[in-house]
Amino acid sequence: MAPESYIDNNPSIPSRLVIVAGTYDGVLAGWDTVEHVREQDKNDIELKLLRRNDGKYLKLSFAMAAHEGSVRCLDISGAASVSSSSSDRNGQDDSSKKAKKRQRKQVDGDPDDAPPEPGTLLSGGFDETINVFNLQKHCQAGELKSPNDLGSPLCCSFAPPCSSSSGAPTHALVGLTSGKVVLYKKRDWSVQHVLAGHDEGGVQCLAVHPTGKMALTGGRDGKVCLWDLMKGRLAFVYKIPSRSKVRKETVNDIVWCDDGTRYAFCYGSKITARDVASGEDLLDVDMPSRVNQIAFIGGPEGLFLAAGCDDGGLPVLEVGQLEEEEDANTRRAIMAIEPVDRVVAGDDRLKCIRSVEGGSGFLVVTANSGGIVSLMDLEGAARMMLSDIDEDESTSNNNKSSESEGDSSDSDIDSDDEVEVAVEILDSVRLGSGARITDVSVWSCGMDDFNSDNEYEEEEEEVEKEPKISKAERGKKFERSQPQKSNGKIELDAAAVEKARKLVGQAKKKQRKQKKKKAA
């Protein structure tokens, strides 16, 4: 785990991060880096950044019983801004109590300066219900029922998604076991469209384009469907070639990159990434074990895919550029976390992986079958691949210069060499004992989005910014190191684990009481 000073002074970590995990028992648990403080002389809840004097970045904020079966899917939306919520659905002035409270909170400042907050949480369960939660108040805000005979929800997403800069979401999509996709209006949760394109078996995953105008879905029928959300109709269908005549491929996960120019999906042990404009494959590889989820990471220097696998491995693969001239059989990749040496991964199996917005671009949140949620930095793995590219480009030049310089260059190289690891676990938390996580959703905001008056931003101003390193210098500075292995030994805060166990226990008791009341 990263030291406390690294977490406190690292500008690549988001100023606020919210993680919500669902379990097989129907329990929802959330972690936040911001606590809610109610002052005696004010009725409004104010946000205050937690002091990380205990070395922990993530704090357990709530745990509740949400479903009578397993939690199938989760998604978090950002809260609507004050300026956008000043008018109601019909364009009239909003005179509700909530609007008045927001106005009182912004009397002394510009509403646009308010820090962004998580808004609504969608939670779909095996009990065929879709619950709506208010993450600002940590309470349930409503319950949706899927249309008759369409089955239980398997995946959900807001449109536009929370990672988009297109503003607050206006719609929500839910994929069901019947193969249908339901498009809801978020303002009143009415059904706008029921989209049919997948066969019976269910819509396994979906991803909304950053613009919110189209979406991709993957099913258990081996289809990848592109939907036009503006017109509410199917635009394109791609059928994955099946390796078995009897059984069709199941698309486990599908994701868009931040700018919407590329997308990727995984099925079985294969990962495929494509360019939207040309339709060409940028990546098509077969991993050693089943791939559960994938996530785009990276920035202007390069785009990468991180994958959570059944054997506990976490590979990072370079997506690449279309203009790059490479052999068809070569692909740059690093196993950031090595697979376990056992036949069955057990609790080390990586069930979920989600990218984190607002940080360095290389942060991911992972969850394994043992109930451990981790925040990881994969920038080291990306830099290793980038340094390899630079080394290949300047091999001939380096060879010529080394012959002329002789032994005098050895001392300079030794003095500049640094060792970098492929993955760094910044923080880890555990959800009770015996909790089996089914899905994870992440919301975050960067330092630029957060209010300049909080303590964390004041402390960050004193930290000197690291100088930018060019690709050529990076190739000389960083050496390849042995990737970390997943040994399952992660230091956890005993008090936090005990608190999580108590909250989960209380949630389960409440769930059992509700079942008895319904049975009676």
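Which residue is the bridge partner of V255 in β19? In this predicted model, that partner is A264.

**The β18/β19 hairpin**
- β18 (residues 251-256) and β19 (residues 262-267) run antiparallel, with five bridges joining them.
- Five residues sit between the two strands of this hairpin, and G260 takes a positive phi there, near 75°.
- Six of the six residues of β18 are buried, so the strand is largely enclosed by the rest of the structure.

**The nonpolar cores**
- The largest nonpolar core has 25 residues, and the members touching the most other members are L17, I19, W31, V365, V373, L375 and V440.
- Two or more residues of this core come from each of β1 (16-23), β2 (27-32), β5 (59-65), β27 (363-368), β28 (372-377), β30 (424-430) and β31 (437-445).
- Looking past its neighbours within four places in sequence, V365 is in contact with I19, C352, I353, R354, V356, V373, S374, L375, V440 and V442.
- Another core lies apart from the largest one; it has 23 residues, including L314, I337, L350 and L378.

- A polar atom of the D427 side chain lies 2.9 Å from the backbone nitrogen of L58.

Definitions and conventions:
Residues are numbered from 1 along each chain as its sequence is written. This is a predicted model: local features need pLDDT of at least 70, side-chain atom pairs count only at pLDDT 80 or more; totals for chains, interfaces and linings use all residues. Side-chain values use heavy atoms; hydrogens and water are left out. A nonpolar core is a set of buried Ala, Val, Leu, Ile, Met, Phe, Trp, Tyr and Cys residues joined through side-chain atoms within 4.5 Å. Buried means under 20% relative accessible area, exposed over 50%, partly exposed in between (1.4 Å probe, protein chains only). Helices (H or I, at least four residues) and strands (E, at least two) are DSSP runs, numbered from the N terminus. Contact means heavy atoms within 4.5 Å. Two strands pair if DSSP finds at least two bridges between them. A polar contact is a pair of N or O atoms within 3.5 Å; within protein, one must be able to donate a hydrogen and the other to accept it, and residues adjacent in sequence count only if both atoms are side-chain atoms.
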